[in-house]
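Have a look and see if you read them the way I do.

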Amino acid sequence: MTEGAPGYDFSLSAGGSALLVVDLQRGFCDRALAEDLGFPASDHYWQRLDSTVLPNAAKLVESARSAGIEVIYTVIEALTKDGRDRSLDHKRSDFLIPRGSPGGQVMPALAPKGDEIVLPKTASGIFNATNIHYLLRNLEIERLAVFGVFTNQCVESAVRDAADRGYLVTMVADACATESAEQEAASLAVMKGYARIAETAELLAEMQARGASAA
């Protein structure tokens, strides 16, 4: 694990921390549906997603709930059926997941429970495309753990933008996936300048320890 800047506490605990689950939705993670939607992805992506990312994400979500840490989801999904609210980028690339369609649903293994927050977006960066900064301030969140897909696109955008807005960010290396191992390594190397880089097992131990201490 790469620690954050000395003197700053990046650790996750109830009350001031949240998990941000990025685009782990059926349109990108259910292979049959994704292929029906015309979503292209490499064999590396699917293998890593199924064997590592989704199982780790499910563990992180359950541990956060047990520790009283907020779980927030973002999905790519238009606010309208015809996608007229989409970003210019999505319109130019003719990419649409309509409101309420199966492609916008969070994967069942880590689906939201109770009143956990789900924020739809139609751009890579959640901080540019939603009111998440306002919500996090209302929730008094100071520390974020970010993971999902794609490592070097939507996840990286979330990490950069959160760091620029003053959040202490942890990027969960083994709960992210993209097209190749080389792209993953390059993204993580760059993100060390913006975030603490951690593995799932380390965060699970951290949340469990903080949860036990609070109890």
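1. Which side chain meets Glu206 in a salt bridge? Arg196 does, at 2.9 Å from N to O. A salt bridge here is a side-chain nitrogen of Lys or Arg within 4 Å of a carboxyl oxygen of Asp or Glu. Glu206 sits in helix α9 (residues 200-214) and Arg196 in strand β6 (residues 196-198), so the pair ties together parts 10 residues apart in sequence. Both Glu206 and Arg196 are buried (buried is under 20% relative accessible area, exposed over 50%, partly exposed in between, with a 1.4 Å probe and protein chains only).

2. Keep in mind that this is a predicted model: local features need pLDDT of at least 70, side-chain atom pairs count only at pLDDT 80 or more, and totals for chains, interfaces and linings use all residues. Residues are numbered from 1 along each chain as its sequence is written, and side-chain values use heavy atoms, with hydrogens and water left out.

3. Asp43 and Arg31 also pair up, at 3.4 Å from N to O. This one links distant parts of the chain, 12 residues apart: Asp43 is in helix α3 (residues 43-67) and Arg31 in helix α2 (residues 31-36). Helices (H or I, at least four residues) and strands (E, at least two) are DSSP runs, numbered from the N terminus. Asp43 is exposed at 59%, while Arg31 is partly exposed at 36%.

4. Within helix α3, Glu62 and Arg65 are 3 residues apart, about one turn, and their closest N and O atoms are 2.6 Å apart in a salt bridge. Glu62 is partly exposed at 36%, and Arg65 is partly exposed at 21%. Glu62 and Arg65 join Lys113 and Glu116 in a network of salt bridges.

5. For the tally, the structure holds 12 salt bridges.
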